Amino acid sequence: MGRAFEFRKARKMKRWSAMSKAFTRIGKDIVMAVKEGGPDPDSNSRLRAVIQNAKSVNMPKDNIERAIKRASDKSQGDYKEVLFEGYAQHGIAVLIETATDNNTRTVANVRSYFNKCDGSLGTSGSVVFMFDHTCNFKIKGDDLDLEELELELIDFGVEEIFEDTDEDEDGNEVTSVMIYAPFESFGNIQSYLEENNIEIISSGFERIPQVTKKLTAEQAEDVEKLLEKLEEDDDVQNVYHTMEESAE
């Protein structure tokens, strides 16, 4: 198993599991998906993917339907996806994905976090090259032959397929299958899975660091201060970095 497996294993227990933050992120994803392709998930593949993600974090159906209705309202503002790059202490590169309806506010907030934590906000292109932009799918693994599936998907550029385990609400272990591929492969893989009636639990995009740096506990604490401030910001969707994370 390769980098995507280790990356996912290390991040599974991170703060994004907080339900309120997950709902906020998905709400913005719904707005952007509806503005791009309309409110009908049957004809809007991006919206279908967001709805699957909403269900995977137990977002109530009523909440999803209300979010789609609000997003369809012409008075509803749009969110712009903006990428920020910089360095935390100890030479750790940080990449921040945001979805904002006020870029001036977001820039000011992100810059203030870097300044307060002795980091530096960089220019466009300063660290993004250190991360591979990937897409991923979590699918139901029942009755699937992983070797056969990998052979079917290899033409789409799939880089890793592996089993993953989680716990359901009752604490029971549930096994699913993770698929990782380059960012641009998302649409083709989604179409293949849907056409072959393979249930998609969730899907999304991640930026996997090509190289990570191991820090001491004290140094890691310095970096965590910045990461926590960034992750708590309502405009921030995802934060990636090159600090080595523990899988424990």
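Start by selecting Glu148: this residue is partly exposed, with a relative accessible area of 49%. You'll find Glu148 in helix 6, which covers residues 146–153. Keep in mind as you click around that this is a predicted model.

Together with Glu148 they gather on the surface as a patch of negative charge.

Next stop, the salt bridges: the count comes to 10. Pick Asp164 and Arg8, whose side chains meet in one of them, at 2.8 Å from N to O. This pair ties together distant parts of the chain, with Asp164 in strand 5 (residues 160–167) and Arg8 in helix 1 (residues 3–11), 156 residues apart. Are the two partners buried or exposed? Asp164 has 7% relative accessibility, so it counts as buried. Arg8 is buried too, with a relative accessible area of 18%, and the cut-off for buried is under 20%.

Jump to Lys140 and Glu199 for another salt bridge, where the closest N and O atoms are 3.8 Å apart. Here, too, distant parts of the chain are linked: Lys140 belongs to strand 4 (residues 131–140), while Glu199 sits in the loop between helix 7 (186–195) and strand 7 (200–209), 59 residues away. Lys140 counts as partly exposed at 40% relative accessibility, and Glu199 counts as partly exposed at 46%.

Zoom in on Asp101 and Arg105, whose side chains form a salt bridge at 3.0 Å, N to O. Arg105 is partly exposed, with a relative accessible area of 32%.

Notes:
Residues are numbered from 1 along each chain as its sequence is written. This is a predicted model: local features need pLDDT of at least 70, side-chain atom pairs count only at pLDDT 80 or more; totals for chains, interfaces and linings use all residues. Side-chain values use heavy atoms; hydrogens and water are left out. Patches are made of residues with over 30% relative accessible area and no salt bridge: like charges are joined within 9 Å, nonpolar side chains (Val, Leu, Ile, Met, Phe, Trp, Tyr) within 5 Å. Accessible areas come from the Shrake-Rupley method with a 1.4 Å probe; for residues, only the protein chains shown count as cover. A salt bridge is a side-chain nitrogen of Lys or Arg within 4 Å of a carboxyl oxygen of Asp or Glu. Lys and Arg count as positive and Asp and Glu as negative; His and the chain ends are not counted. The place of a charge is taken as NZ of Lys, CZ of Arg, CG of Asp or CD of Glu. Helices (H or I, at least four residues) and strands (E, at least two) are DSSP runs, numbered from the N terminus. Buried means under 20% relative accessible area, exposed over 50%, partly exposed in between (1.4 Å probe, protein chains only).
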